[in-house]
Amino acid sequence: FFETVSSRRLLCRCTMLLRTAVVLLWLCSVGHCLYSAGGPVELLTEASFEAQVVSSEAVYLVEFFAPWCGHCKNLVPEWEKAAKALKGIAHVAAVDATAAQSLGSRYKIQGYPTILIFGADKASPENYQGGRSADAIVEAALKALKGVTKARLSGGKRGGSSGSENTGGGGKEEKKGPSDVIELTDDNFDTEVLESADPWLVEFFAPWCGHCKALAPEWAKAATELKGVVKLGALDATVHTAVAGRFGLRGYPTVKFFPPTDKANPVDYDGPRTASGIAEWAFNKMEQFGVAPEVAELATHDNFTEKCLAKKICVVAVLPHLIDGGASGRREYIEVVQEAAKKLRGKPFAFAWLGAASQAKFEETFRVGGAGYPAMVAISQPKMKYSNFKLAFTSDNIGRFLKAVLDGREPVHSFAAIPELTPTTPWGGEDYTPPAEEEESA
């Protein structure tokens with residue numbers, strides 16, 4: 001009798017496993033699965049999710065995907081590569097959220113792919129916002145593992161309960177305020193982006209997209225950080241379809257970089273989705289395309305306001321008159337400032353220059369030129385403070401000076417108001433030409 005009952009139980013268990021296998025094979029055969037059964041990526045279903053992920057002690061990285069999603073398809077080789085690297089260390093899995101709809105609802109999945117990391121607290125998985133490379137994914141897994149071990153050492157409890165809220169995509173929208181992100185439309189895209197000399201990072205988004213909502217605050221921070229270096233824009237691809245249709249968008253958000261030297265061939269953004277990561281990626285691209293940091297000539301007060309004072313710290317070099325060094329000497333000094341700016345990319349500085357004795361009120365207000373030229377001053381308009389540069393004019397010394405300014409190690413002076421700059425003729429690179437002498441009359 002007992003042998004019969006055991007046999008029946010075994011038969012039922014085998015039947016259930018066979019049905020699950022058949023379902024998985026059928027789903028993959030009709031295109032519902034991006035990953036093959038038996039591959040490095042574990043395939044999850046509604047039936048297996050609780051036991052395999054939530055109730056286990058292991059760290060799981062789970063991708064919620066849709067079979068038609070272009071970004072999901074692009075992720076496949078990196079996700080599989082990460083799974084191989086993490087074999088025996090952490091689990092890398094995937095679930096078709098269009099088939100496992102209850103899981104998508106439970107974890108508030110609003111965009112694809114969404115990656116959740118089930119680590120120390122299984123009830124509150126972490127919404128992964130890092131890069132889409134195997135290296136970045138592995139790094140996130142190791143960080144989660146470190147969190148688990150720390151929790152165990154401190155006697156903290158491990159996750160395992162289910163049904164509570166998580167930090168997945170599509171969180172609450174933040175209150176909107178002034179932003180440095182430029183709104184792009186079908187009407188202004190060509191003028192603002194393609195016909196300008198500025199480098200651009202453009203986000204193509206959809207209002208309902210969870211990942212787009214998650215990116216919004218980081219995109220705004222990056223726009224402020226990159227102000228004066230790279231312009232950041234956003235275009236609603238569901239409304240402005242004429243522009244969106246040109247770029248073969250396959251998912252949201254899609255971000256493209258339009259370099260100043262080749263607007264016809266934008267580059268797909270493949271970096272992290274954090275403000276610092278976006279800024280670092282942009283700086284690296286500027287280097288790659290040979291774009292030197294801008295050192296603006298302050299020929300008007302508007303230039304002073306927009307190109308320099310808009311940043312936290314405005315750094316102005318006052319360069320010798322062309323009589324004293326010629327065009328080549330001036331270019332060399334500008335290159336020194338550019339080299340320092342390159343080393344300080346990502347810091348809250350804007351760099352500019354003006355010619356000696358061209359703005360008397362400026363030199364008087366900030367006490368520059370008394371010890372000769374070139375001279376330099378770092379100005380904080382919000383604090384109404386400034387610091388003077390007193391070292392030899394080299395890029396290394398400028399870097400040391402500005403790092404000391406950031407650290408509060410440089411003497412500071414107060415000023416009452418920003419001096420109004422007098423409009424001057426911009427320098428066109430020409431050498432000094434002495435005025436023609438008038439002929440004496442007989």
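Q: What makes α7 oblique to α9?
A: Helix α7 (residues 210-225) and helix α9 (residues 275-288) pack at about 45 degrees, with axes 8 Å apart. Axes here are lines fitted to C-alpha atoms, for helices over the stretch in contact, and angles run from 0 to 180 degrees between N-to-C directions. Helices (H or I, at least four residues) and strands (E, at least two) are DSSP runs, numbered from the N terminus. Angles under 35 degrees count as roughly parallel, over 145 as roughly antiparallel, 65 to 115 as roughly perpendicular and the rest as oblique. That is why α7 is called oblique to α9.

Q: What kind of model is this, and how are residues numbered?
A: This is a predicted model, where local features need pLDDT of at least 70, side-chain atom pairs count only at pLDDT 80 or more, and totals for chains, interfaces and linings use all residues. Residues are numbered from 1 along each chain as its sequence is written, and side-chain values use heavy atoms, leaving out hydrogens and water.

Q: Which residues of α7 and α9 meet?
A: Contact means heavy atoms within 4.5 Å. On the α7 side are Leu-215, Glu-218, Trp-219, Lys-221, Ala-222 and Glu-225, and they meet Ala-275, Ile-278 and Ala-279 of α9. The residues of this contact divide into six nonpolar, no polar and three charged. Here Ala, Val, Leu, Ile, Met, Phe, Trp, Tyr, Cys and Pro count as nonpolar, Asp, Glu, Lys and Arg as charged, and the others, Gly among them, as polar.

Q: What makes a space a cavity, and how many cavities of 30 Å³ or more are there?
A: On a 1 Å grid over the protein atoms alone, a cavity is a set of points where a 1.4 Å probe fits but cannot get out; lining residues have an atom within 4 Å of a point. By this rule there are three cavities of 30 Å³ or more. Grid points are joined across faces, edges and corners, and a volume is the space filled by probe spheres set on the points. The second largest cavity holds about 50 Å³, and its lining includes Pro-113, Tyr-128 and His-211.

Q: What is the peptide bond from Tyr-112 to Pro-113, cis or trans?
A: That bond is cis, with omega near -10 degrees. Pro-113 sits in the loop between α4 (101-106) and β4 (114-118). Another cis peptide bond joins Tyr-373 and Pro-374, with omega about 5 degrees.

Key: 1 Å grid on protein atoms, 1.4 Å probe; cavity = no way out; pocket = protein on both sides within 12 Å on 5 of 7 lines; lining within 4 Å.
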